[in-house]
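Hi,

Here is the structure I said I'd pass on. Have a look at it first, then read on for what turned up.

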Amino acid sequence: MFRFNIFKKYFFIEYSKIVLNVTLAFLALGIVLNIFEEVNFFKDHAVGFLLPLSLTFLKVPSMIYKLFPFIFLISSIILFLDFVQSEEIIAIKIAGISNFRIIFFPALISLIFGIFIVTGINTVTSKLTHKYLDIKNQYTKANDYLAALTENGIWIKDNISGYRGAKYTSIIRAKKLSQNDLIDVSIYKFDENNEPQLRIETPKANISNNEWILNDVKIYYRDSNNISTYLTEYSFLSNFEINSIKNIFSNLDAISFWELNKLKENYKYLGYSTKEIESEFQRALSFPLFLMSMTFLAGAVVMNVKYRGNYLAYVIIAIILSVIIFYLNDFSRALGETEQISLIMSVWTPLIIVLIISSIGMIHVNEK
């Protein structure tokens with residue numbers, strides 16, 4: 001037991017160092033590649049070099065989060081390869097530790113790291129991405145960084161309990177979102193029997209809080225024969241304000257694991273499809289297991305091949321495996337989005353396939 005505890009501590013330290021080094025290498029590469037993209041984006045804006053650099057540091061952590069499965073695959077290959085080529089594995093086996101345990105413990109570390117990444121690091125990367133999108137949106141006329149729900153603008157369905165328990169539904173259409181304002185807004189109000197009550201037109205609605213402030217308002221009542229009532233300012237109560245609206249129309253990279261459920265409820269409340277959010281939630285749940293499967297796969301490959309030449313062969317193996325897994329994930333997601341297979345199956349199938357292949361390799365390793 002004492003020997004195994006020393007082994008666990010040693011593996012944890014060595015594996016953590018390798019993961020950190022590989023992550024920093026990907027981080028540096030991501031910064032170099034992304035800075036050119038940002039500079040190219042701002043070539044028509046007199047913003048200097050500091051803003052593109054700042055945006056790069058806001059965006060790259062999210063890129064690293066997506067690359068973690070491949071980072072862990074490469075890190076695991078390096079770890080097991082070091083043991084094989086330095087012949088430390090012989091000393092470990094003499095200490096009574098099986099091949100299965102040699103692979104299993106780093107895989108368990110990957111699982112723990114995965115849980116921490118999803119529940120902790122993902123919160124940080126999502127906040128940085130949200131800030132990135134918020135800044136970038138100020139420099140694009142096409143509103144590329146807030147996802148419009150339709151080509152005709154933003155549509156919101158809002159159910160409100162009004163005075164004395166009366167309930168009504170508002171259908172809100174806006175051309176776009178600018179700062180804290182909805183622009184060119186039309187609001188159609190229906191009673192609980194879905195009978196139209198009135199229509200509100202305004203060029204701008206400030207939605208800083210749940211009590212929207214509408215300016216230069218024209219109100220068309222049900223029995224007004226299309227004659228409007230003009231008001232310079234009008235208060236409109238809504239369940240939504242700027243932050244919830246931005247979350248609804250945001251890139252999901254800007255939403256943390258802890259916020260997905262709340263966003264899903266908002267989508268349900270508005271009557272929109274929640275498939276994309278459910279898919280993202282399932283991917284977050286599978287993420288730690290996916291990292292663990294990468295370590296199992298790396299261990300099965302290295303321990304079965306045990307090639308003692310240079311690292312080039314394993315670099316090629318890592319690239320091939322990464323490409324195969326990437327396209328497997330992409331293909332499975334496409335099947336899920338086109339409803340050829342269920343949403344849950346599209347997320348978990350690649351993981352199950354990798355685990356099955358790894359298990360077969362692990363059986364061969366344990367027999368040696």
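Predicted model: local features only at pLDDT ≥ 70, side-chain atom pairs only at ≥ 80, totals over all residues.

Now the aromatics. Searching the whole structure gives 13 aromatic pairs. Take Phe41 and Phe42: their ring centres are 4.9 Å apart and the planes meet at 80°, so this pair is edge-to-face. Are the two buried or partly exposed? Phe41 is partly exposed, at 25% relative accessible area, while Phe42 is buried, at 3%.

Trp212 and Phe236 also pair up, but tilted, with 5.6 Å from centre to centre and 50° between the planes. Trp212 belongs to strand E5 (residues 211-221) and Phe236 to strand E6 (residues 228-237), so the pair ties together parts 24 residues apart in sequence. Both Trp212 and Phe236 are buried.

There is a cluster too: ring pairs link Phe12, Tyr15, Phe68, Phe72 and Phe113.

Last, the surface. Which residues form a nonpolar patch there? They are Phe100, Phe104, Leu108 and Ile112, with about 330 Å² of accessible area together. Leu108 sits in helix H4 (residues 99-137) and counts as partly exposed, at 30% relative accessibility.

Cheers

Terms used: Residues numbered from 1 in each chain as written. Heavy atoms only, no water. Patch = residues over 30% accessible without salt bridge, like charges linked within 9 Å, V, L, I, M, F, W, Y side chains within 5 Å. Areas by Shrake-Rupley, 256 points an atom, 1.4 Å probe, with all protein chains shown as cover. Salt bridge = Lys/Arg side-chain N within 4 Å of Asp/Glu carboxyl O. Helix = DSSP H or I, 4+ residues; strand = E, 2+ residues; numbered from the N terminus. Buried < 20%, exposed > 50% of the residue type's maximum accessible area, 1.4 Å probe, protein only. Phe/Tyr/Trp six-rings, centres within 6.5 Å; stacked < 30°, edge-to-face > 60°.
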